Amino acid sequence: MKRVVEYAHVVESHKPYIAVLFIQFLYAGMALFSKAAISRGMNPFVFVVYRQAFASITLAPFAIFLDSKKAPPLSSGLLFKIFSVSFCGLTLSMNLYYIAINFTTATFAAATTNIIPAITFIMAALLRMETISIKHVHGIAKLMGSAIAVSGALVFAFVKGPPLKFINWNQATHDDHIQDSSMKGCCSREEWIKGSLLMITANILWSMWFVLQGPILKQYPAKLRLTALQCFFCCIQSAFWAVAVERNPSAWKLGWDVHLLAVAYCCWWGNFAGEWTLWSIMGQEERRRKKC
């Protein structure tokens, strides 16, 4: 029983780190499903609209009934802040992300998503929201980890080497050669660089969204309502963008295929990841206030 209590205490004290690790697994699945949907003809802008629309509808009942006591009154200034953060952190980042994934691969998208914690840490440090202690081991580890993560993403983006085959169990067949040639021809070098830059820009905007959640949560601590509001604003903003870009009505049709599966996965697990992140940020802010 003591061990269970000890483990529970360790988990409680390391919630933000566990959340970050779990979120990376969810983001990997999002990259795979969204790449499959967009590769099969789904418009990236339409994908974002459906994802955020499903998320808004799903979160609305929970936000209304579970966060009614925590929700303070919304002023026009606070509402404008949430609208602006939604545009910069969600609308721009998501649309750029899904445009970029059309020019790259799901592996690249999942790999570069791992630099979000590093970029978030750098931004928080520059804004003096995070302290860096070079005299301590954990401070040096943070700096080295951030540098390695960002450097690895840049190498992944601009250095495209040969495929790695650690164990060659069977001799290459004709079908394998066809598959390799199709993978190499999926995008040109210019498209790859374009997609890489768009993906890194999307990750920077996403990191900025994480950093801005802390100050907004201090003013509006209702996490579910805040998430639902941002999803709703992102849906409206992305809808205007999608209508301006995609005028073909058939592009908005959803069937029982990978398009619907990708939208559902990204809606459920993507917003679960976002909600867990807000919950972790809020918990960290509360612990900091107690220490102060």
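## Helix 4 against helix 10

In this predicted model, helix 4 and helix 10 pack with their axes 8 Å apart and an angle of about 60 degrees between them. That angle makes the two helices oblique to each other, and their crossing is right-handed.

Sorted by class, the contact between helix 4 and helix 10 holds 14 nonpolar residues and six polar ones, with no charged residues.

## Other partners of helix 10

Helix 10 also packs on helix 3, again with axes 8 Å apart, but here the angle is about 155 degrees. Helix 3 is therefore roughly antiparallel to helix 10, since angles over 145 degrees count that way. The crossing of these two helices is left-handed. Their contact counts 21 nonpolar residues, four polar residues and one charged residue.

A further partner is helix 9, whose axis lies 12 Å from that of helix 10, at an angle of about 130 degrees. This pair is oblique because of that angle, and helix 9 passes helix 10 in a right-handed crossing. Helix 9 brings Trp 209, Gln 213, Ile 216 and Leu 217 to the contact, while helix 10 brings Lys 223, Leu 226 and Gln 230. By class, that gives four nonpolar, two polar and one charged residues.

Leaving aside residues up to four places away in sequence, Tyr 97 touches Ala 31, Ser 34, Ala 109, Thr 113, Met 199, Ala 202 and Trp 206.

Met 30 sits in helix 2 and, because its relative accessibility is 3%, it counts as buried. Along the chain, Met 30 and Tyr 265 are 235 residues apart, yet their C-alpha atoms are separated by 7.0 Å.

Met 42 is found in the loop between helix 2 and helix 3. At 5% relative accessibility, Met 42 counts as buried too, the limit being under 20%. From Met 42 to Ala 251 the C-alpha distance is 6.9 Å, across 209 residues of sequence. Beyond residues up to four places away in sequence, Met 42 touches Ala 37, Phe 47, Tyr 50, Leu 254, His 259 and Val 263.

## Phe 54

Phe 54 belongs to helix 3. With a relative accessible area of 29%, Phe 54 is partly exposed. Its touching residues, not counting those up to four places away in sequence, are Leu 254, Leu 260, Val 263 and Cys 267. Leu 254 and Val 263 are also touched by Met 42. Between Phe 54 and Cys 267, the C-alpha atoms are 6.2 Å apart, although 213 residues separate the two along the chain.

## The protein as a whole

Stepping back, the protein has 11 helices and zero strands, so reading along the sequence gives the pattern α-α-α-α-α-α-α-α-α-α-α. Of its 292 residues, 41% are buried.

The pairs above, such as Met 30 with Tyr 265, have a counterpart in the overall contact figures. Among contacts between residues at least 6 apart in sequence, 88% join residues at least 24 apart.

Note on methods
Residues are numbered from 1 along each chain as its sequence is written. This is a predicted model: local features need pLDDT of at least 70, side-chain atom pairs count only at pLDDT 80 or more; totals for chains, interfaces and linings use all residues. Side-chain values use heavy atoms; hydrogens and water are left out. Contact means heavy atoms within 4.5 Å. Axes are lines fitted to C-alpha atoms, for helices over the stretch in contact, and angles run from 0 to 180 degrees between N-to-C directions. Helices (H or I, at least four residues) and strands (E, at least two) are DSSP runs, numbered from the N terminus. Angles under 35 degrees count as roughly parallel, over 145 as roughly antiparallel, 65 to 115 as roughly perpendicular and the rest as oblique. A crossing is left-handed if the near helix is turned anticlockwise from the far one by less than a right angle, and right-handed if clockwise. Ala, Val, Leu, Ile, Met, Phe, Trp, Tyr, Cys and Pro count as nonpolar, Asp, Glu, Lys and Arg as charged, and the others, Gly among them, as polar. Buried means under 20% relative accessible area, exposed over 50%, partly exposed in between (1.4 Å probe, protein chains only).
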